[in-house]
Amino acid sequence: MRLYRGDWQRVAELMLFSAVKLARIGADFLICPDNTFHQALPRIAARLPLPWLHIAEIVVDKAVESGFRRLGLIGTRWLVESEV
């Protein structure tokens, strides 16, 4: 898998390929339930055919709305060591 090799560009291209396929069959928006893969998203963001909801951004919005100031994060090494 490209992820284990740190090949984020190839991961991004796979995400874009999937996004285009989903747009063609009528999806209104995109979401990936895996924050690790979101690290590749900036590489293709300008080429996405649909809005891509980012789980971390939605969680942050809800946390702020609810008044939370500190959250815990559990995830893969790639996620925990990333800027997500």
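Good morning. Let us begin with L48: leaving aside residues up to four places away in sequence, this residue touches L16, A19, L30 and L41. Please keep in mind that the model before you is predicted.

L48 belongs to the largest nonpolar core, which has 15 residues. Together with M15, I44 and W52, L48 touches the most other members of that core. Helix α2, residues 8-24, supplies the largest share, namely six residues. As general background, nonpolar side chains in soluble globular proteins tend to be buried together.

Some nonpolar residues, however, are found on the surface. F29, I31, L53 and I58 form a nonpolar patch there, and their accessible area together is about 350 Å². I31 counts as partly exposed because its relative accessibility is 48%.

I turn now to charged pairs. How many salt bridges does the structure hold? There are two. One joins R47 to E13, with the closest N and O atoms 2.7 Å apart. R47 lies in the loop between β1 and β2, while E13 lies in helix α2, so this pair ties together parts that are 34 residues apart in sequence. R47 is partly exposed, at 44% relative accessibility, and E13 is also partly exposed, at 28%.

K62 and E65 form a salt bridge as well, their closest N and O atoms being 3.3 Å apart. These two residues are three apart in helix α3, so about one helical turn separates them. K62 is partly exposed, at 48%, whereas E65 counts as exposed, at 62%.

Finally, helix α3 covers residues 55-66. Just after this helix, G67 takes a positive phi of about 85 degrees. Thank you for your attention.

Methods. Residues are numbered from 1 along each chain as its sequence is written. This is a predicted model: local features need pLDDT of at least 70, side-chain atom pairs count only at pLDDT 80 or more; totals for chains, interfaces and linings use all residues. Side-chain values use heavy atoms; hydrogens and water are left out. Patches are made of residues with over 30% relative accessible area and no salt bridge: like charges are joined within 9 Å, nonpolar side chains (Val, Leu, Ile, Met, Phe, Trp, Tyr) within 5 Å. Accessible areas come from the Shrake-Rupley method with a 1.4 Å probe; for residues, only the protein chains shown count as cover. A salt bridge is a side-chain nitrogen of Lys or Arg within 4 Å of a carboxyl oxygen of Asp or Glu. Buried means under 20% relative accessible area, exposed over 50%, partly exposed in between (1.4 Å probe, protein chains only). A nonpolar core is a set of buried Ala, Val, Leu, Ile, Met, Phe, Trp, Tyr and Cys residues joined through side-chain atoms within 4.5 Å. Helices (H or I, at least four residues) and strands (E, at least two) are DSSP runs, numbered from the N terminus. Contact means heavy atoms within 4.5 Å. The expected span of a helix is 1.5 Å times one less than its number of residues.
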